[in-house]
Amino acid sequence: MQTTPANAETTEDVVDLLRAQHGRIRDLFDEVMKSEGAAREDAFRQLVKLLAIHETAEEEIVHPVARRLPGGDGIVDDRLAEEREAKELLAELDGMDTGDPRFLKSLDKLRVDVLTHARAEERYEFDRLKDEFSPAQLKGFAAAVRAAEATAPTHPHPGVESATKNMLAGPLAAVSDRVRDMIRDARDKK
């Protein structure tokens, strides 16, 4: 079942944008789980990229804003711990053949962890952002998230879960990841 809203690419509200991305992540997990061969590989590559850029943007833009909310430090610290665990498993999966018999079992664990994390973000972070900030501010945050995503790494980098670490390590990791993706894409087209 498709859960990505039709307006996911055009929404100007950061909370709507991030919820739409969560929907696309759910869709991609389903697609990877249900497909085989090249279709599974392609869907998994899309999932890896979306998770990597989505989490980077949250870490650079959304979490620092959420820390300003009452109790925000605890909420963000919990999300960052979840993100690190997910990045570690995603990095392991990113190096695994999607046809490996262990792949689907590990992917399912990642799916449960990521979707649980997404629900926690939506409930404890996003809903509060929507309540505390004006539509103009939410629009500004969405623009900042899109800018962060445009230059974000496309593969997981466990240990880089803060805005500062992303700003320091992110650009080099992003260039490296994007070159790696181009080489893989060129090799796959042969």
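Modeller: A definition comes first: axes are lines fitted to C-alpha atoms, for helices over the stretch in contact, and angles run from 0 to 180 degrees between N-to-C directions. The model is predicted.

Colleague: How are α1 and α4 oriented to each other, roughly parallel or roughly antiparallel?

Modeller: Helix α1 (residues 14–34) packs on α4 at an angle of about 165°, and their axes are 10 Å apart. Angles over 145 degrees count as roughly antiparallel. The pair is therefore roughly antiparallel.

Colleague: Which hand does that crossing have, and how many nonpolar residues are in the contact of α1 with α4?

Modeller: α1 passes α4 in a left-handed crossing. The contact of α1 with α4 has 9 charged residues and 1 polar, and its nonpolar residues number 15.

Colleague: Where does α4 bend?

Modeller: Helix α4 covers residues 103–132, and its 30 residues should span 44 Å at 1.5 Å a residue. Its end C-alpha atoms are 41 Å apart, which agrees with that span. The helix has a bend of about 40°, and the residue is Glu 122.

Colleague: How do α2 and α3 run, roughly parallel or roughly antiparallel?

Modeller: Helix α2 (residues 37–67) and helix α3 (residues 72–94) have axes 11 Å apart and pack at an angle of about 160°. Their crossing is left-handed. By the angle, α2 and α3 are therefore roughly antiparallel.

Colleague: How many nonpolar residues are in the contact of α2 with α5?

Modeller: α2 and helix α5 (residues 135–150) pack at an angle of about 140°, with axes 8 Å apart, and the crossing is right-handed. Among the residues in contact are Ile 53, Ala 57 and Ile 61 of α2, with Phe 141, Ala 144 and Val 145 of α5. The division is 2 charged, 1 polar and 9 nonpolar.

Note on methods
Residues numbered from 1 in each chain as written. Predicted model: local features only at pLDDT ≥ 70, side-chain atom pairs only at ≥ 80, totals over all residues. Heavy atoms only, no water. Helix = DSSP H or I, 4+ residues; strand = E, 2+ residues; numbered from the N terminus. Expected span 1.5 Å × (residues − 1). Bend = angle between axes of the 7 residues up to and from the residue. Parallel < 35°, antiparallel > 145°, perpendicular 65-115°, else oblique. Left-handed = near helix turned anticlockwise from the far one by under 90°. Contact = heavy atoms within 4.5 Å. Nonpolar A, V, L, I, M, F, W, Y, C, P; charged D, E, K, R; others polar.
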